[in-house]
Amino acid sequence: MNFDFTEEQQMVRDSIARFVQDDYDWDTRKAIVASDEGMNRVNWQLFAELGWLSIPFAEEHGGFGGNIVDLSVVMEELGKGLVVEPYFPTVVLFGGLIKRAGNEAQQAEWLPRIIGGEVLGAFAYVERQSRFALHDCQTTATKSGDGYVLNGEKVVVFNGEQADHLVVLARTSGEQSDQNGLSLFVVDASAAGVSKMSYPMMDGQRVANITFNDVALGADALLGEEGNALSVVDALTDEAIIALASEAVGIMGVLNTKTLEYTKTREQFGVAIGSYQALQHRMVDTMMAYEQSKSLLFKALCEYKQDPAMAAETIHALKVLIDRNGKHVFGEAIQMHGGMGMTDELDIGHYAKRLMMINTTFGDATYHRNRYIETAYAA
Amino acid sequence: MDTAYSTEDLAFRDEVRGFFDEAYTPELQQRLRSPDYKNAIEEWQRKLYDKGWIAPNWPAEYGGTGWTATQKYIYETERSLAGIPNVVPFGLVMVANVIMAYGTDEQKEYFLPRILKSEDWWCQGYSEPGSGSDLASLKTKAERDGDDFIINGAKIWTTYAQYADWIFCLVRTDNSGKKQEGITFILIDMKSEGIKVNPIISIDNHHSLNEVEFNNVRVPAKNVVGEIGKGWTVAKALLAHERTGIAGVADVKRAVRVIKEVAAKEENGGQRLMDDPGFQQRLADIEVELMALEFTELRTLATQAAGGFPGPESSLLKIKGTELQQATQELLMEIAAYYQGVLPIDLDPNALGHDFATEARRNYMYGRAATIYGGSNEVQKNIIAKYVLGLE
């Protein structure tokens, strides 16, 4: 039994931490969020050069051949810097689907380009009515000749504004809420019939609602088996939740550190506010919330590394705990920073908003507690 | 980052299971819940001694098992699965660690083998009437008289003093300096003249707590552990062992299993309680925290096994562990519904309703102590704030 990171993992961690410290200070990040594209393509090329975009992909495609722990390290460090470049949508989601469901030709076509920083990708899966039920899907792909015709609308597509290619979840058969009959397609975002409405999110992401109007797809656009996409998407979701939880743990650590430092220097009534027991005990509580979140993340990592199926219940539990503890940690961080915690100028609120978005992505605490109960307490 | 079991680990697990199956008999289980508790637990501890498993956390040179962190975890998990109580901690966990770290060769040679064989029953003389969590305010006086100390004063909340052969005490040998100075750690034979044990009945209607009075009790000076006047250092080392121990993760896991079993049998309006969404949500909330705490404990174990000093993650074990203990006790108590209040009389427990209700009531009521003893959880937070977060 060990909970150590390998030397290689430590090097990746240090390299991202250095980038955040040297090239991604708060003003730089603010300028990037406010820029036209909402991301910095020079940074993206740097990520490619440093090998970060290659982490979860096999060596035969030019990848690093990393496991879930390697990915976790990257996400935790990116979280600490609130890095907005679309690592999660492109590498974890878009790349994760190609890696899981793609045939030889598709993997050979896409993975080297993701790794090289040549593709910005997105996974279009949320619909207006679907909330967290991935199978609630009205977008359709109808057979036409050798290929398909895609119709429908996806909303809040992460990285939807900048993505040049999408994986789209669409129904090839069955009714709106059937588990079967779902398929995945790789779609060129500039294809005829694809239109976007882009908008910013509170955590600095750029997303889009994307409409597909009689978009013609070749047979080679189909990713994985026709009609059986749900199991692929569920498997992707598990990995994505661990990645997001890692990011959240990074953020919680930063919030606790910043808050602790603040209470040691901020004086009220002639003394540092950190000398008040009322605040001390609450900071012990947020420290415990962080350590407990980290412990459950470690459990998920160890199980997933052995066998992803083994981690199923833990992943639901992890999403519950990250949601609750994340809100607890950022709530206290804002409260203890007082009026300053309320300002847009200070970074505290921005860390809070990223945690909020992590919480809702792929299901919040209520949703995952129910999923846990279904899985663990079935009669 | 790895917790996978090796082939050796799996073989070890089978060995532990096999031993528990054979040695932890139904007859012994029944006696452990009866007034014959003392003899029964001593018998069980001697079985563990014969197997060589009585002290997994002792260094191998003193009779420990030399297990890896993973083996310790497997052992604890299997013990909890089998519903086997932990060993009585006062000798095997608490005073033994102090003697190993600070004792003379003579003390080690005399006491450690006797502790391993459960020949002596130990109790802890720390708290005093009025001292509460402010342990250093203790007043029990030890005055030098030739080769002896003469002890006067009283200790309180002394668990199982009525069974004890020995008590380890913090006493005041000097009043002149700061209150943490002038404290001495000393071992006292409970058969000494001048010791009186007064029972305290606790809110679980049972007698496990006591007050112990010392009236001119003569104790040889060679029974001092560590230096005279340096007892506070010794005491703090012991409390660290005590705190890690009372997280009780394996036993909370056991409690969760019991809750699931009884909630699957209990019905409300024809529906299983286990299927009630409100009940399920409360149980799930406990399980989520418990899964995390188990890995917090494993992180601590792994750090200790690697020879490192446990990090901030270990500080929360006592607080979170006792909170979860109380949460499971509360849930089990509620499952018992009306029967939670039934006091045991000499009737078949089944005639009085649920057979788990009596234990549920006792555990719930006595379980209130867990957030108080070993330094109340509020004191734990003071300690973490100061030593981990650096807040003054």
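Predicted model: local features only at pLDDT ≥ 70, side-chain atom pairs only at ≥ 80, totals over all residues.

Modeller: Gladly! Residues are numbered from 1 along each chain as its sequence is written, and chains are lettered from A and ligands numbered from 1 in the order in which they are written. The model scores ipTM 0.94 and pTM 0.94.

Chain A is divided into domain 1 (7–119), domain 2 (122–227) and domain 3 (231–376). Where domains 1 and 3 of chain A meet, 20 residues of domain 1 are in contact with 22 residues of domain 3; two residues are in contact if their C-beta atoms, placed from the backbone, lie within 7 Å. On the domain 1 side, α4 (68–80) and α5 (87–101) of chain A each supply at least two residues. These labels belong to DSSP runs numbered from the N terminus: helices (H or I, at least four residues) and strands (E, at least two). The largest share of that domain 1 side, 10 residues, comes from α4(A). By class, the domain 1 side that touches domain 3 of chain A has 12 nonpolar, four polar and four charged residues. Here Ala, Val, Leu, Ile, Met, Phe, Trp, Tyr, Cys and Pro count as nonpolar, Asp, Glu, Lys and Arg as charged, and the others, Gly among them, as polar.

Now for a residue in strand β1 (121–124) of chain A, namely Ala122(A). Ala122(A) is buried because 28 other C-beta atoms lie within 10 Å. The cut-offs are 20 or more other C-beta atoms within 10 Å of a residue's own for buried, 12 or fewer for exposed, and partly exposed in between, with C-beta atoms placed from the backbone. Leaving aside neighbours within four places in sequence, Ala122(A) is in contact with several residues, including Pro89(A), Phe94(A), Val157(A) and Leu166(A). Ala122(A) and Val168(A) are 46 residues apart in sequence, yet 8.6 Å apart in space, C-alpha to C-alpha.

Leu166(A) and Val168(A) turn up again around Val187(A), which touches both of them as well as Leu150(A), Val194(A), Val215(A), Leu217(A) and Ala221(A), not counting residues up to four places away in sequence. The largest nonpolar core has 162 residues, and Val187(A) is one of those that touch the most other members, along with Leu97(A), Leu150(A), Leu169(A), Phe185(A) and Leu318(A). A nonpolar core is a set of buried Ala, Val, Leu, Ile, Met, Phe, Trp, Tyr and Cys residues joined through C-beta atoms within 7 Å. The largest share of this core, 16 residues, comes from helix α7 (229–265) of chain A.

Helix α11 (348–360) of chain A has buried residues too, among them Ile348(A), Tyr351(A) and Leu355(A). What covers the buried residues of α11(A) includes α7, α9 and α10 (338–341) of chain A. At 1.5 Å a residue, the 13 residues of α11(A) should span 18 Å, and its end C-alpha atoms are 19 Å apart, which agrees; the expected span is 1.5 Å times one less than the number of residues. After α11(A) comes Phe362(A), whose phi is positive, near 60°.

Finally, chain A meets chain B through 35 residues of chain A and 34 residues of chain B. On the chain A side, the elements giving two or more residues are α7, α8 (277–306), α9 (312–336) and α12 (365–376). The largest share, 16 residues, comes from α8(A). In all, the chain A side divides into 20 nonpolar, nine polar and six charged residues. As for α8(A) itself, 22 of its 30 residues are buried. Its 30 residues should span 44 Å at 1.5 Å a residue, and its end C-alpha atoms are 44 Å apart, which agrees.

Technical notes
Domains from an automatic or database assignment.
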